[in-house]
Amino acid sequence: MRLSRYFLPVLKETPREAQIVSHRYMLQAGMIKQSSAGIYSWLPLGFKMLRKLENIVHEEQAKAGHIAMLMPTLQSADLWRESGRYDGYGEEMLRMKDRHDRDMLFSPTAEEMFTDTFRSYVKSYKDLPLTLYQIQWKFRDEVRPRFGVMRGREFLMKDGYNFDIDKAAALHAYNRHLVTYLRTYERMGLQAIPMRADSGPIGGDYTHEFLVLADTGESEVFYDSAVTEISLGKRDVNFDDVDQCQAIMDEFTSLYARTDETHEEDLFNKVPEDRRRVARGIEVGQIFYFGTTYSEPLGATVDDGKGGQTPVHMGSHGIGVSRLLGAIIEASHDDKGIIWPEGVTPFHCGILNMRSGDDACDAACEDLYAQLTNAGLEPLYDDRDERAGAKFGTMDMIGLPWRITVGPRGIKNGVVELTSRRTGESEELSAADAVQRIVDIYTGL
């Protein structure tokens, strides 16, 4: 993409309404524009990032054998009354009536809709296990929306639902989701710690939140620092292997890690003192097992193979896709702007022309642009007729991991400058070597 042809409304001033880094940088980098309190328009760069994160979520869900679909954002109140949650959910649910005076609501979550779909089509235990999921916009009418996309009213969320014949099978689904979520976060350059949490209005006996450590986190967290040293890395995971998924679950959850809602001081004090940590965390996902909480009142049963009917055991699993953008920025930035991890960067590399209009610089940049594009990468070429300082400022703010700078002196000496956004380190290379270095970096991901 050529920056002269892209829509990137970068702001020079610090927005007054932005209280945390991610909100400020998303506004300044031209990623979002506030429409109303807690509701944002996603501008091209922000929308591109949403799609990047969505694709990673879809890919990891597919590896685990989960099946994507899409539910409506507007739901009938009848299903919620049937499950018993309509009156109890609270004022966060946006309720309305259609022209026929029927009660409707804007989806805050979708347990009822997925359960209704299941009960309409699945009749036999032979069709289990089954996990369905969607990535869909949700709405929760927060009293005080703040912190940009971190606590907005409208948000993009992946929510999935497993249907299993009994508790043992459903707990395997729970473990499987923990593993696939950890893989998802690691691909995004995040270390998300699974912590025992409160189930809230979803209900259920088992639940873990995934939290990214950040000073601006809404939750106080207590954990054993040893848990931050565990990683899935490139482990070959067989999601059908009950023992392997259980072992990974045990590895991550055997160490103390709790939110403030479930913290137990006596257990925390048993952690070696030098490993006890108290910090703030940003929730980026949560998994639940709630048994037959929804299947029984909604009649989601299957033939058990013995002549009877049995309610299925269920769980739900959510990832805040739009919130993840804020979490990544909170975890990866400096005083100049965003620093995107390579796995989620909107463009693989920036090309900065120090002297647009100079024949030699223009030709070198065009050649770099063509080589990177032909290698299957997506560069962002700043070909604008702007002063060099403005170009550097834009590149730093939008946070591309790598930048190739082309100037008259370098062209004369047969080199370009390759710079790491994360470390700030630069080196001079031939154009061909700079391209190969970028290709090698992304090939190794």
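**View 1. Helices α10 and α13 pack with axes within 10 Å, crossing at roughly 30 degrees.** α10 spans residues 359-374 and α13 residues 431-443. Helices are DSSP runs of H or I with at least four residues, strands runs of E with at least two, numbered from the N terminus. Axes are lines fitted to C-alpha atoms, for helices over the stretch in contact; angles run from 0 to 180 degrees between N-to-C directions. The two helices are therefore roughly parallel (angle under 35 degrees). α10 passes α13 in a right-handed crossing, meaning that the near helix is turned clockwise from the far one by less than a right angle. L368, Q371 and L372 of α10 meet A431, A432, V435 and I438 of α13. Contact means heavy atoms within 4.5 Å. Six of these residues are nonpolar, one is polar and none is charged. Nonpolar covers Ala, Val, Leu, Ile, Met, Phe, Trp, Tyr, Cys and Pro; charged covers Asp, Glu, Lys and Arg; the others, Gly among them, are polar.

The model is predicted: local features need pLDDT of at least 70, side-chain atom pairs count only at pLDDT 80 or more, and totals for chains, interfaces and linings use all residues. Residues are numbered from 1 along each chain as its sequence is written, and side-chain values use heavy atoms, with hydrogens and water left out.

**View 2. Helices α2 and α5 cross at roughly 145 degrees.** Their axes come within 10 Å. α2 (residues 44-63) passes α5 in a right-handed crossing. I56, V57, E59, E60, Q61 and K63 of α2 meet H177, T180, Y181, R183, T184 and R187 of α5. The contact holds three nonpolar, four polar and five charged residues.

**View 3. The largest nonpolar core has 68 residues.** Such a core is a set of buried Ala, Val, Leu, Ile, Met, Phe, Trp, Tyr and Cys residues joined through side-chain atoms within 4.5 Å. Buried means under 20% relative accessible area (1.4 Å probe, protein chains only). M31, Y185, F210, V284, L325 and W340 have the most contacts inside the core. Helix α5 (residues 167-187) gives the largest share, seven residues. Apart from this core lies another of 26 residues, among them V122, F163, Y294 and V312.

**View 4. S219 lies in strand β11, residues 219-224.** S219 counts as buried, at 13% relative accessibility. Leaving aside neighbours within four places in sequence, S219 contacts L211, A279, R280 and G281. The C-alpha atoms of S219 and E261 are separated by 8.8 Å, with the residues 42 apart along the chain.

Notes. Parallel < 35°, antiparallel > 145°, perpendicular 65-115°, else oblique. Buried < 20%, exposed > 50% of the residue type's maximum accessible area, 1.4 Å probe, protein only.
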